[in-house]
Amino acid sequence: LIIANMTSVLANVDVVSMRYRHEMDLLSKWMIVRSMPDALRERINVYFHYIFRRQRGMLDEDLFHDLPPQLSSQLANMHLKMVTKVPFFSEKIRSDYFVSEI
């Protein structure tokens with residue numbers, strides 16, 4: 001059972017890595033066709049590599065896009081205290097609707 005679980009985990013990691021490599025190959029080809037400068041291509045590659053390493057290949061929007069509204073709201077409220085510490089988002093300046101749309 002343990003070996004089967006480890007095999008499943010490793011297979012999933014490999015699928016995510018293969019998807020990342022495929023998407024990066026497509027992006028690289030697209031940037032070459034568009035004659036992007038090497039420095040800009042490198043910056044874009046570094047950015048996507050960082051996202052892949054930090055978030056295991058998934059963007060937050062992808063992870064939480066299909067959450068039901070109530071769960072999405074609960075997730076947003078979890079971070080509300082942090083957001084409202086920024087003066088621009090303080091209760092004196094913004095509406096609750098504005099923060100809910102962020």
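1. The model is a predicted one, in which local features need a pLDDT of at least 70 and side-chain atom pairs count only at pLDDT 80 or more, while totals for chains, interfaces and linings use all residues. Residues are numbered from 1 along each chain as its sequence is written, and side-chain values use heavy atoms, with hydrogens and water left out.

2. On confidence, where pLDDT is the predictor's own score for each residue on a scale from 0 to 100, the chain averages 75, and 71% of the residues score at least 70. Helix H3 (residues 60-64) has the lowest confidence in the chain, with a mean of 60, whereas H2 has the highest, at 85.

3. The secondary structure consists of six helices and zero strands, taken as DSSP runs numbered from the N terminus (helices H or I, at least four residues; strands E, at least two). Read from the N terminus, the order of elements is therefore written α-α-α-α-α-α.

4. If contact is taken to mean heavy atoms within 4.5 Å, then, of the contacts in the chain with a separation of 6 or more, 26% are between residues 24 or more positions apart.

5. The chain exposes about 9100 Å², of which carbon and sulfur atoms supply 63%, the areas coming from the Shrake-Rupley method with a 1.4 Å probe, and for residues only the protein chains shown count as cover. Of its 102 residues, 13% count as buried, a class that means under 20% relative accessible area, with exposed set at over 50% and partly exposed in between (1.4 Å probe, protein chains only).

6. Searching the whole structure gives two salt bridges, each defined by a side-chain nitrogen of Lys or Arg within 4 Å of a carboxyl oxygen of Asp or Glu. In one of them Arg 19 pairs with Glu 23, and their closest N and O atoms are 3.1 Å apart. Because Arg 19 and Glu 23 are four residues apart in helix H1 (residues 2-33), about one helical turn separates them. Arg 19 is partly exposed at 41% relative accessible area, and Glu 23 is likewise partly exposed, at 40%.

7. The side chains of Arg 41 and Asp 38 also form a salt bridge, at 2.7 Å from N to O. Both residues belong to helix H2 (residues 38-55), where three residues, about one turn of the helix, lie between their positions in numbering. Arg 41 counts as partly exposed, with 22% relative accessibility, while Asp 38 is exposed at 56%.
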